[in-house]
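Work through the following exercises with the coordinates open, and compare each step with the solution that follows it.

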Amino acid sequence: TSVSQSLLDSLNNNRYIFGSKIPYSPGTWYSDDHTAVAYTSDYAWIHDNRVIDRVIKDSFVALTPILKSKLKLNTDGTMTVQTIANLIAIEGDVIKPLIASGDLAGDANNFSASAWVLINPNQKPNVAGKLIIGVKLAENAIAHSISVPIGYGSF
């Protein structure tokens, strides 16, 4: 209570986490959930790390049975449409529960794995020696601050 707001703002801007009081609210609150990287990083917030780590862990578990297994290919060495669809469905099963739990944006009841999972149909896993499955996450927002302009008249 004896620390100036400018010092608290400076600590927060430098990504320190500290306890603070919020007027008219009981208890002590964390200032934010920063991590020690730039604001622009995918790992800038503790909540982001939790979601990404869960996707990584669950993807590893889901895709391990595919590792060293046969993938059906077309005669030109690219994967068949069915192979790609199966891989997208497997990775989609990782993403959908995170939408249902509110960690990721979207509607779990109208989920389409192909909107989240991207597989280049031209890649040749036999030539490259690896399979690349892209996953693009869309997280729900966190209100790090809230501003409520109040006044008489119109806005």
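**Exercise 1.** Determine which ring the charged end of Arg15 sits over at 5.0 Å from the centre.

Solution. The charged end of Arg15 is placed over the ring of Trp45, where the criterion is NZ of Lys or CZ of Arg within 6 Å of the ring centre and within 35 degrees of the ring normal. Arg15 also lies over the face of Tyr39, at 4.2 Å from the ring centre. The model is a predicted one, in which local features need pLDDT of at least 70 and side-chain atom pairs count only at pLDDT 80 or more, whereas totals for chains, interfaces and linings use all residues. Residues are numbered from 1 along each chain as its sequence is written, and side-chain values use heavy atoms, with hydrogens and water left out.

**Exercise 2.** Classify the pair formed by the rings of Tyr39 and Trp45.

Solution. Searching the whole structure gives one aromatic pair. Its rings, those of Tyr39 and Trp45, have centres 5.8 Å apart and planes at 55 degrees, so the pair is tilted; rings of Phe, Tyr and Trp (its six-membered ring) pair if their centres lie within 6.5 Å, with planes under 30 degrees apart counted as stacked, over 60 as edge-to-face and the rest as tilted.

**Exercise 3.** Decide whether Trp45 is buried, partly exposed or exposed.

Solution. Trp45 has a relative accessible area of 13% and is therefore buried, given that buried means under 20%, exposed over 50% and partly exposed in between, with a 1.4 Å probe and protein chains only. Tyr39, at 42%, is partly exposed.
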